[in-house]
Amino acid sequence: MKKETRIQHILRSIVRYVVASASLSIVFYILFALIFSTQEERQLQRENSLYRERYARMKEKEKLIGDVVDGLLDKDDAIYEDLFETPAPPLDALTAADLIAESDSLSESFYLSSAASKTGSMMVMARSVDDNFAEIFSLLETRRDSIPPLTLPLKEMSYVQAGASVGEKHNPVYKLPMQHNGLDLIASQGTDVYAAAGGTVSAVVHSRRGLGNIIEINHGNGYSTRYCLLADMKVSQGQRVRGGQKIGTVGISTTNPAPHLHFEVRFRGEVKDPVNYLFASLTPEEYARMMYMATATVQSMD
């Protein structure tokens, strides 16, 4: 019995020794880790410190750039409002979803709905383009002496120069909603104006009021175009002109002091939206953006 007690005592002593040794080892390791750092840890600490400094500088630059962009947007809105007497249209609907897509807080349903909306808008535009092409090919098959006016009357212009198109727009002179029968193309006074297609000059109107000086061209097959608010007019009634030929320059009238070209397209006397005939002069992206600008702008310039 005494022998068993002695063995138990020895075993307990061994266990206590092992536990105490392990505890001391853990304590010493923790103290060593807190006091002394390995070379890899010191390298990581230096990198973390460098990243924190860079992050702070990047945040400052981001804020500065954001302030500059906000200032430019405010200035752009102010210029638009001064010119059209109406608030600027919202951010381009074709790219708004792309610009905010980087936000992690947006749900998957938002992306799906945005994509569906964007796809729907593009399908409507595509159908409009398809209808125009079908009409063009039909005319080409039946009569080849003329085609619809398919090019811009101003060269090297951007979609941002597109103002109000056909429809009920707020008139800047009478301050009332009125029917607008053409497309406003913003350009500086004296900018060259070109025939949108070949044809015969059917009218040359000299006036200082309303739509000012006007040139009308008959393109055949029922199509005609009108170029209004001109300064100089380089053609005369009855003259044959070719597509892309210079016919005048952008001007103003006494009731429309802001220089721009008022451009109209008619088919058999019926007013058509000129935007639907300008795809031959623009890239698909520029054409889609011009359609949006012309539709979104509620203030005409004449």
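D192 is partly exposed, at 28% relative accessible area. In this predicted model, the side chain of D192 meets that of K246 in a salt bridge, at 3.0 Å from N to O. The pair connects distant parts of the chain, since D192 belongs to strand β4 (residues 192-194) and K246 to strand β9 (residues 246-250), 54 residues apart. K246 is likewise partly exposed, with a relative accessibility of 33%.

How many salt bridges does a search of the whole structure find? The search finds six.

Let me turn to R226. R226 pairs with E216 in a salt bridge whose closest N and O atoms are 3.5 Å apart. E216 sits in strand β6 (residues 213-220) and R226 in strand β7 (residues 223-233), 10 residues apart. E216 is partly exposed at 26% relative accessibility. R226, by contrast, has a relative accessible area of 18%, and therefore counts as buried, the limit being under 20%.

R226 also forms a salt bridge with E264, at 3.0 Å from N to O. Because R226 lies in strand β7 and E264 in strand β10 (residues 260-267), this pair ties together parts that are 38 residues apart in sequence. E264 is buried, with a relative accessible area of 3%.

Thank you; I welcome your comments.

How values were computed: Residues numbered from 1 in each chain as written. Predicted model: local features only at pLDDT ≥ 70, side-chain atom pairs only at ≥ 80, totals over all residues. Heavy atoms only, no water. Salt bridge = Lys/Arg side-chain N within 4 Å of Asp/Glu carboxyl O. Helix = DSSP H or I, 4+ residues; strand = E, 2+ residues; numbered from the N terminus. Buried < 20%, exposed > 50% of the residue type's maximum accessible area, 1.4 Å probe, protein only.
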